[in-house]
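Subject: Structure for your review

Dear colleague,

Please find below the structure that I am handing over to you. My notes on what was found in it follow directly after.

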Amino acid sequence: NYIAGNVIANASTPLVILDTSYSYAVANTSVTGNVDDGTASAQPTENTITDTIKSGNYTPTLSNTTNVAASTAYECQYIRVGRVVTVSGMVDIDPTATGATELRMTIPVGENFTAAREAAGTFGDSYDQHGTVIAAVGAATVRLLANLSDATNRSYYFHFTYNAQLS
């Protein structure tokens with residue numbers, strides 16, 4: 001039902017009220033419905049929340065894959081809204097040499113990825129070393145990929161998002 005530019009899901013007992021400025025007011029953590037503000041330029045194909053909103057901390061397991069002598073995992077944080085999970089945190093990477101480097105890191109929730117594009121993000125340090133985060137196909141891990149210009153052990157801060165394939 002459209003009421004003065006607002007979209008109300010389940011009008012008899014509103015659980016979510018969305019206005020055209022995309023301010024969200026969630027009155028219940030289990031919501032199902034499509035969001036559509038009625039404008040052609042802003043209509044999402046689908047925006048359905050079918051699970052709870054959760055957040056937490058976890059310490060990932062790291063795998064030194066390419067050009068990594070040592071790595072250290074720290075407690076990270078994540079938030080999950082429906083199936084979308086956003087993760088951020090810090091890891092230390094000690095490369096064996098300059099050049100292509102890969103570190104793999106477990107995800108907090110979800111199953112094996114089927115395509116590299118299923119996770120995306122970035123990481124970097126304060127010395128202009130940076131890289132890309134993508135999904136590791138066939139595993140419940142992400143790949144931190146970089147072409148490092150020095151072999152110094154550094155702390156890297158990362159942020160990535162993925163769609164959890166939850167059954």
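With which residue does R104 form a salt bridge, and how far apart are the closest N and O atoms? The partner of R104 is E102, and the closest N and O atoms are 2.8 Å apart. A salt bridge here is a side-chain nitrogen of Lys or Arg within 4 Å of a carboxyl oxygen of Asp or Glu.

Before going further, please note how the work was done. This is a predicted model, in which local features need pLDDT of at least 70 and side-chain atom pairs count only at pLDDT 80 or more, while totals for chains, interfaces and linings use all residues. Residues are numbered from 1 along each chain as its sequence is written, and side-chain values use heavy atoms, with hydrogens and water left out.

Confidence and overall content

The predictor's confidence in each residue is given as pLDDT, from 0 to 100. For the protein chain the mean pLDDT is 80, and 68% of the residues reach 70 or more. Two stretches call for caution. Over residues 1–8 pLDDT stays under 50, and the model has 20 contacts there beyond four places in sequence; a contact means heavy atoms within 4.5 Å. Over residues 17–47 pLDDT also stays under 50, with 48 contacts beyond four places in sequence.

The secondary structure comes to 0 helices and 14 strands. Among contacts between residues at least 6 apart in sequence, 58% join residues at least 24 apart.

Of the 167 residues, 34% count as buried. Buried means under 20% relative accessible area, exposed means over 50%, and partly exposed lies in between (1.4 Å probe, protein chains only). The chain exposes about 9000 Å², of which carbon and sulfur atoms supply 49%; accessible areas come from the Shrake-Rupley method with a 1.4 Å probe, and for residues only the protein chains shown count as cover.

The salt bridges

A search of the whole structure finds 4 salt bridges. Side chains of opposite charge can pair when their charged atoms come close. Besides its bridge to R104, E102 meets R143 in a salt bridge with an N to O distance of 2.8 Å. E102 lies in strand β10 (residues 99–106) and R143 in strand β13 (residues 141–148), so this pair ties together parts that are 41 residues apart in sequence. E102 is buried, with a relative accessible area of 7%, whereas R104 is partly exposed at 26% and R143 is partly exposed at 23%. Salt bridges that share partners join E102, R104 and R143 into one network.

Another salt bridge is formed by the side chains of D150 and R154, at 3.1 Å from N to O. R154 counts as buried, at 13% relative accessibility.

Strand β8 covers residues 76–81 and contains I79. In a regular strand the side chains alternate between the two faces of the sheet. In β8, the covered face holds C76, Y78 and R80, and the uncovered face holds Q77, I79 and V81. I79 counts as partly exposed, at 40% relative accessibility.

Which residues make the nonpolar surface patch of about 210 Å²? They are I53, I79 and V81. Patches are made of residues with over 30% relative accessible area and no salt bridge, with like charges joined within 9 Å and nonpolar side chains (Val, Leu, Ile, Met, Phe, Trp, Tyr) within 5 Å.

β8 pairs with strand β5 (residues 53–58) in the antiparallel sense over 6 bridges; two strands pair if DSSP finds at least two bridges between them. One of these links joins S55 to its bridge partner I79. β8 also runs antiparallel to strand β9 (residues 84–95), with 5 bridges between them, and V81 has V84 of β9 as its bridge partner. β8 and β9 form a hairpin with 2 residues between them, and G82 in the turn has a positive phi of about 65°.

Two loop residues

N67, in the loop between β6 (62–66) and β7 (68–73), has a positive phi near 60° although it is not a glycine. D128, in the loop between β11 (119–124) and β12 (130–135), is likewise not a glycine and has a positive phi of about 70°. Are these residues buried or exposed? N67 is buried, with a relative accessible area of 16%, whereas D128 is exposed, at 62%.

Yours sincerely

Note on methods
Helices (H or I, at least four residues) and strands (E, at least two) are DSSP runs, numbered from the N terminus.
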